[in-house]
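Trainee: I would like a close look at one part of this model. Please keep to the charged side chains and how they pair.

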Amino acid sequence: MQSKQRPKVLGMIGSDQKRYSFLVKGGEDLRTDEHVQRIFRGFNRSLATLKPNQGSRLAVFSVVPIAVDCGLIEWISNTVSVRTLLEDDIVSLENRDLRTAAKEAIFLTRAARVHMYTVLHGSPPSTDSVPDFVRFPKAADYLRAFVQVSNEGARQSQLMQESVSNSYLLQMRIMRLCMSPRSFLMIRNRLVRSLVVNCVAGYFLGIGDRHLDNILIDLKRLTIVSVDFGYSLGSSMGLPVPELLPFRFTAQFQHLLSPRDTTQVFVKLMSKAIQCIAQDADEHLIECETFASDVLDQVDVHDAVSSIRAKLNGKHPLQICLIDLRKHVKQETFELVRRNVYGGMYVERLEEVKVLSPTDQAKSLVEMATNPCLLSRTYYGSTPWL
């Protein structure tokens, strides 16, 4: 397969004469994925108490580590990445011929160029002069952007990205998969409920690297399938460009329920999911501690488990994010982020906040996930403009 580690698909005939397919992946420690799937199954037991119209279940699959750097992953049939779903529509909407660079087309759109220009120059371009070419920013450019891009500049950039792109592509793509308006409404609601539980689970476990290739849609059940958990337990904050978002809730997902307000629905469903999982906090913490002990150094295990415990106990997400960030980046970078990025998000009032209700937790998480100050400093490889 054409990806970084060049994985291979292996087919096997079982004793029941049925064919089973697995992805053979090397170069990565799949114990992380195995543990995440086990914890997801535990989350599903908690989520089983929700009514069908209040939530969904996490999609799980088998992971078999064979060695430290090799293993088998159950092949999930009838799935396609969100990037694959959107790419053709994105290319066809652009006035430029992007098909000659198909692999990079998603990074060459007008919205992408506005995002990169903002990072490189500290402010968005003028409305009528989006440049035809912008070089891809490096990690150092993003660190400078923590200082150069003002919070107002970040908001203007985000508005401009939305104005030069179509934020309804995913909704339209799902619509074309449906046979009738009624089936579209049912499937769209199901997809949003599935997205919510994946966001909640990803937040609790500190799962990062949620680019559009790591978010699949099951075309048979129309649910979200999360894959590739190499960056878990908050480790994505230690990347050259720290990941500051709690989960992915970018423009394409925000407009799934349009003309309804997806954010309000999202908060309501998310609060239910948080409440269900937090009720079984002790059980989940045991699994999480086993996970951390297996893949982290002993010194880091306590910090990882403390972070998950704080999330389950309702501590403010921004407080947790700042604590985790301080552990993963240099002091200079931490101060840049705290002062210039989170400074616009009531950092001064955080000390007054003790414990949030599930609803307030959900509101705070959605506010962080949709905040232009964070999106404008998110690495371009995550396509935060989509």
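Trainee: Is Asp141 buried or exposed?

Mentor: The model is predicted, and what follows should be read that way. Asp141 is buried, because its relative accessible area is 4% and the cut-off for buried is under 20%. Its salt-bridge partner is Arg144, with the closest N and O atoms 2.2 Å apart. Arg144 is partly exposed, at a relative accessible area of 41%. Both residues belong to helix 4 (residues 139-148), and because they are three residues apart there, about one helical turn separates them.

Another salt bridge joins the side chains of Lys327 and Asp303, at 3.7 Å from N to O. Lys327 sits in helix 12 (residues 317-328) and Asp303 in helix 11 (residues 298-312), so this contact ties together parts that are 24 residues apart in sequence. Lys327 is partly exposed, with a relative accessible area of 40%, and Asp303 is partly exposed at 26%. The search of the whole structure finds 12 salt bridges, including the one between Asp141 and Arg144.

Key. Residues numbered from 1 in each chain as written. Predicted model: local features only at pLDDT ≥ 70, side-chain atom pairs only at ≥ 80, totals over all residues. Heavy atoms only, no water. Salt bridge = Lys/Arg side-chain N within 4 Å of Asp/Glu carboxyl O. Helix = DSSP H or I, 4+ residues; strand = E, 2+ residues; numbered from the N terminus. Buried < 20%, exposed > 50% of the residue type's maximum accessible area, 1.4 Å probe, protein only.
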